[in-house]
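Reader: I have a model open and would like to learn how to read it. Where do we begin?

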Amino acid sequence: AMLEKLMHNPKEANEKLGGGKIDTLFIKGYREFISLPSAKSAYRELFLSLGDPAKTPALFHCTTGKDRTGWGSAALLSLLDVPRDVVMQDFLKSNEYILPLYRKQIDAFAAAGGDSLIPLAIFGVKAEYLNASFDEMQKKYGSIENYFSEGLDIDEKQQKKIKEHFLGN
């Protein structure tokens, strides 16, 4: 809500979010996907649902479909042993699909004197954002499997069920 309000006031947005401050906020948020109790609870529910054949196929999303959804997709793909560089390529493709939808808002914000990097950060994704989640996960849990078991309380048997559902092993 704060970001939406600031998008209508480019001068204030420049003060509060310019000079890289917006990136710092997003990096903090991506780290919190790993550590906040509410995030852990939501991701636990998501992954257990995705591992349940009765609840799939499924669609999951967030407000713009890139941040919380991005980490959820990246974590699932990582659990399925998709290489990190492929996960990152997939994540960064969000810019190809999402940014054109917001082109008018981005251009209007810049035309009104706003730093165009601010809406690009709000509506787009950057590798450093997702890397912050992976870094936090690695620091706290050491591996994606430990993140699932210790952070999300999804034990090895449940992880195996998720993998079997998607990979058929």
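Predicted model: local features only at pLDDT ≥ 70, side-chain atom pairs only at ≥ 80, totals over all residues.

Reader: How many residues does the largest nonpolar core have?

Author: A nonpolar core is a set of buried Ala, Val, Leu, Ile, Met, Phe, Trp, Tyr and Cys residues joined through side-chain atoms within 4.5 Å. Buried means under 20% relative accessible area (1.4 Å probe, protein chains only). Here the largest such core has 43 residues. Those with the most contacts inside it include Trp 71 and Leu 130. Helix α10 (residues 127-141) gives the most, 6 residues. Helices are DSSP runs (H or I, at least four residues), numbered from the N terminus.

Reader: Which residues of α10 are buried?

Author: Among them are Leu 130, Ser 133, Phe 134 and Met 137. Just after α10, Gly 142 takes a positive phi of about 85°.

Reader: How are two packed helices described?

Author: By the angle between their axes and the distance between the axes. Helix α3 (residues 21-35) and helix α4 (residues 37-50) pack at about 65°, with axes 6 Å apart. Axes are lines fitted to C-alpha atoms over the stretch in contact, and angles run from 0 to 180 degrees between N-to-C directions. So α3 is roughly perpendicular (65 to 115 degrees) to α4.

Conventions:
Residues numbered from 1 in each chain as written. Heavy atoms only, no water. Buried < 20%, exposed > 50% of the residue type's maximum accessible area, 1.4 Å probe, protein only. Helix = DSSP H or I, 4+ residues; strand = E, 2+ residues; numbered from the N terminus. Parallel < 35°, antiparallel > 145°, perpendicular 65-115°, else oblique.
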